Amino acid sequence: MTAPRTAHCVIAGGGPAGMMAGYLMARAGVDTIVLEKHGDFLRDFRGDTVHPSTLEIFHDLGLLERFLQRPHQRMDRIAINFAGQRLEVASFAALPTVCRFIAFMPQWEFLDFLASEAKTLPHFTLLMNTKADKLIETNGRITGVVATGPQGQFDIIADLTIAADGRTSGLRQQSGLPVTEIGAPIDVLWFSLPRTATATPDTLLNAGAGNVVVTIDRGDYWQCAYVIDKGTLAEVRARGIGALQETVLAAAPHLGADVQALRSWDEVKLLSVTMDRLDQWARPGFLCIGDAAHAMSPIGGVGINLAVQDAVAAANLLAAKLASGTLTDADLDRVQKRRAFPAKVIQFVQAQVQQRVIGPMLASKKSQGDRPPLLFRIVTHTPFLQRLAARMIGLGVRPEHPTAPDVATPG
């Protein structure tokens, strides 16, 4: 076995929550090791909606200008195409933020940016191709992880272990922390299509005749999400790839001939949607954040942003005490007290949208498909609800701002 390593903090998972927490902890002078099981960040069909709340965090950190130099597209309002009718649900123009738009940025760019910034900090270490296998427990306290990397298996001994390894978190499962299953009635098929159209509609969600399709303009291609009832993948596949092309085009006619590029089921990835949350986020020496603490539905694209907010709150509440060696178990519980309420509110809203909007749209027949759901009709004609929707989507509940000390930023 490779010789053990030590750190103030070890973070399992190099996703948005893990990389932001790692950056902020190291910035505050906390010796931090982040473990990422893959060799790079280049994985398709990961969430890439960076909301105004997250952009505001980059602004607070003095990183926004450099961050926005990465490839991205911008959307300053949320509009829906329902059977040819354009319905505007939210405009970000009135948000009290520097950036009043959603930035659609491939997640590998987001993560690579954070990694490049964090690597300039003397207290930060990123170990790629390295997986946290299991928790180390000493007298009822988590004191680190057993990890496997290119040089073999080794221990990392740490004052705090953070699980930021996603909705299928192995560390969360090992911890024994109780989970409440909320459930979700939908799954999502992800695929990309070449983009040859010269004009891009400003509608993100496209629906009608029982079909719901999200189309994200990625410059030279479309990233698409086709929503299906949970557990019906076999039925959808049995109808053939041609039938999928037809139903996608019926909901999103602006795709035009581009949809013909979808030729094989090998190009379609299933996102099995789950919603759950931990009843308790921490135990002595151990904390879960992001999807490891609360798996979100893809509705609203808020998952990344909630994960980042968790990371900021964790650094705000814990970094200085970690650096000084005064961290207590009660401090870990403060993270849940700060962040559980926003997660519960957003999950409630997502559940309502799934049940009252998406569900009826999927169930609608062609003869009934020209009439938008009641909620959309109400929001479209109610400016107050549009402003509320903009705040919920753009800022969320209880947005965080970095307050952890900056003792390690170069220059």
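Analyst: Start with helix H4, residues 107–118. Helices here are DSSP runs of H or I with at least four residues, strands are runs of E with at least two, and both are numbered from the N terminus. The expected span of a helix is 1.5 Å times one less than its number of residues.

A word on the source. This is a predicted model, in which local features need pLDDT of at least 70 and side-chain atom pairs count only at pLDDT 80 or more, while totals for chains, interfaces and linings use all residues. Residues are numbered from 1 along each chain as its sequence is written, and side-chain values use heavy atoms, with hydrogens and water left out.

Is H4 mostly covered or mostly open? It is mostly covered, with nine of its 12 residues buried. Buried means under 20% relative accessible area, exposed means over 50%, and partly exposed lies in between (1.4 Å probe, protein chains only). The buried set is Gln107, Glu109, Phe110, Leu111, Phe113, Leu114, Ala115, Glu117 and Ala118. What covers them includes helices H1 (16–27), H2 (52–60), H3 (64–67) and H8 (303–324).

Now move on to E8. Between E8 and strand E9 (131–138) runs a loop that holds Thr130. Asn129 sits in that loop between E8 and E9 too. Thr130 is buried because its relative accessible area is 3%. Asn129 counts as partly exposed, because its relative accessibility is 43%.

The side chain of Thr130 reaches the backbone oxygen of Met128 at 2.8 Å. That is a polar contact: a pair of N or O atoms within 3.5 Å; within protein, one must be able to donate a hydrogen and the other to accept it, and residues adjacent in sequence count only if both atoms are side-chain atoms. Contact in general means heavy atoms within 4.5 Å. Leaving aside neighbours within four places in sequence, Thr130 is in contact with Leu35, Glu36 and Lys37, and with Ala147, Thr148, Gly149, Pro150 and Phe154.

Asn129 has a backbone feature to note. Most residues other than glycine have a negative phi. Asn129 is not a glycine, yet its phi is positive, about 55 degrees. Ala83 also has a positive phi, near 50 degrees. Ala83 is found in the loop between strands E5 (77–82) and E6 (85–91). With a relative accessible area of 36%, Ala83 is partly exposed.

H8, helix H9 (329–363) and helix H11 (383–394) each give two or more residues to the lining of the largest cavity. A cavity is a set of points on a 1 Å grid over the protein atoms alone, where a 1.4 Å probe fits but cannot get out; lining residues have an atom within 4 Å of a point. The largest cavity holds about 100 Å³ of space. Grid points are joined across faces, edges and corners, and the volume is the space filled by probe spheres set on the points. Of its 14 lining residues, Ser53, Asn305, Leu306, Leu395 and Gly396 lie nearest the centre.

Technical notes
1 Å grid on protein atoms, 1.4 Å probe; cavity = no way out; pocket = protein on both sides within 12 Å on 5 of 7 lines; lining within 4 Å.
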